[in-house]
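The sequence and the coordinates are shown first, and the description follows.

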Amino acid sequence: MQPESITQEMPRPAAAAAAAETVLTVDKVSKSFGDNHVLRDFSLALHRGENVVVLGKSGSGKSVLIKCIIGLLTPDAGRITVLGQDVAALDHAAMDRLRAKVGFLFQSNALYDSMTVRDNLLFPLRRHWLAHGPEEEDALVLQALDDVGLAQTAELLPAELSGGMRKRIALARTLILRPDIILYDEPTTGLDPVTAREIDHLIREVQQKYRTSALIISHDMNCVRLVADRVVLLVDGRCYAEGTYDELARNMDPKVKEFFA
Amino acid sequence: MPDTSLLAETGEITSFAGRFFREGFRPRYELAELLHQCYVVGYQSLPMVGITGFIMGMVLTLQSRPTMAQFGAESWIPTMVGLTIIREMGPIITALIFAGKIGSSIGAELGSMRVTEQIDAMEVSGTNPFKYLVATRVMATTLMLPLLTILADAIGLYASYLGINMKGTTTLALFVNNILSGLTFGDVLPAFIKTFFFGFAIGLIGCYKGYFSDKGTEGVGQAANSAVVVASLVIFLLDLVAVQITGLLGLN
């Protein structure tokens, strides 16, 4: 039996966010793999400058959701609009242009093993034709590395970095494109608590410095508490509850309490 | 059912090859990556192919010498070894060594990239990963294997010359003259042409196995292993087809 959504009972978390421009809309999206219905009529809105965390159990469809948003997977039904563009209607060229404005931090970091940190950062810049000469490239790489506090690592290979450093470099590779939206896929998974908190603070710093909007997939409650302006609870493919961290923490619904107890 | 999965996989590899021809020759052209891959699969295979070619020529000569001597046909050794190496042994042994070294390396590399989401990262970085990773590697193996085969043939023949001189005396000029007198374009061209197909098959199968590798490190190992096994089998099948075609054309 599917759980009933309690989303309607939750008050809007922040009036300011509601009034802000919507940069990403997920409207009744469904996605199945065979008989496994991962997303069922899932809806979500992300406003400019806002951090929204999608919270859910492992295997609940969180990563599928952001892969649908970035166009790595195609939803079976529903509509996803990013920066005013319907993702399903875009051809390859238009999709690439949109992807230049949407950063994606992969759970496994997805750094290219055979490239130095510098080349990893330059890769998306060059592929999106956003670099204009070596001097500008150097400046952008330095700025991105500086943003994540790893300015001295440009010539190192990913294998020479710790897990936390690799996560920061992956974030720097995302930041170098100056995206409007950043999608974080479980940014603190596999990190020790201290490094995980550093990444959480970095996510907040990026939001404040660049006014980026972020959709963060996580089941790390410390991460949720530190980075979320708003939390969406995903249960059985549906948006089960939505609100600020404090609002959901006070919610007495058993499925919500499973996470916030 | 094994038959069904074999047929299904054959269909999928054929479809993968079709995608290569559809996408591989359209802009955006990945020339820098193609040159890099030519360096990786070609230049870095030189030592292995050279050593194998040398041993192939030397062993073939030393083992055939006693039998040829029994018939008083020692002077035919260069011609026989030349024909054997150029028509068959050079292409097939170089292709098998190439499949072992490069096919497994491509399977493991792409498999690892799939598992660690690097292929997805490429796609969100404005890159068609099929063209950047697959098309360039398949083109590189297709272009480099014929060159490596020519090199292996040359080294194998020189090793044969050394082998003959271990128990007798022959000048290099006479050795070369004996080989050339027994060769026709019908011997050289089909052998050269089939190496392009061998190279294409090795690159394509390595890429296919890696690109669609299952999640996890076990999947990476399986991709590398099955890339070598399937490519080696396909090399023999292609060789059989090549023999039939050259027979039909009257070149055998």
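## A loop residue of chain A

In this predicted model, Arg178(A) is located in the loop that connects helix H6 (163-175) with strand E7 (181-185) of chain A. Its phi is positive, at about 50°, although Arg178(A) is not a glycine. Most residues other than glycine have a negative phi.

Arg178(A) is partly exposed, because 15 other C-beta atoms lie within 10 Å, a count between the limits of 12 or fewer for exposed and 20 or more for buried.

## The open sheet of chain A

Chain A contains an open sheet of 4 strands, arranged in the order E2-E1-E4-E5 with antiparallel pairing.

Strand E1 (residues 22-33) of chain A runs antiparallel to E2(A), and 8 bridges join the two. Within this pairing, Val26(A) has Leu44(A) in E2(A) as its bridge partner. Strand E1 of chain A also holds Lys28(A), a residue other than glycine whose phi is positive, near 50°. Lys28(A) is partly exposed, with 13 other C-beta atoms within 10 Å.

## The contact between the chains

Chain A contributes 14 residues to the contact, and chain B contributes 10 residues. On the side of chain B that touches chain A, 5 residues are polar, 3 are charged and 2 are nonpolar.

## Chain B: a cis peptide bond and annotated spans

The peptide bond that leads from Pro27(B) to Arg28(B) is cis, with omega near 10°. Most peptide bonds are trans. Arg28(B) belongs to the loop between helix H1 (2-23) and helix H2 (31-41) of chain B.

An unreviewed UniProt entry assigns the feature "transmembrane region" to residues 41-62, 143-164, 191-211 and 223-245 of chain B. In the model, residues 191-211 of chain B are 100% helix and 0% strand, and the end C-alpha atoms of this span lie 30 Å apart. Residues 223-245 of chain B are likewise 100% helix and 0% strand, with end C-alpha atoms 32 Å apart.

Definitions and conventions. Residues numbered from 1 in each chain as written. Chains lettered and ligands numbered in written order. Predicted model: local features only at pLDDT ≥ 70, side-chain atom pairs only at ≥ 80, totals over all residues. Contact = placed C-beta atoms within 7 Å. Nonpolar A, V, L, I, M, F, W, Y, C, P; charged D, E, K, R; others polar. Pairing = 2+ DSSP bridges. UniProt positions renumbered as here; feature names shortened; annotations may be inferred.
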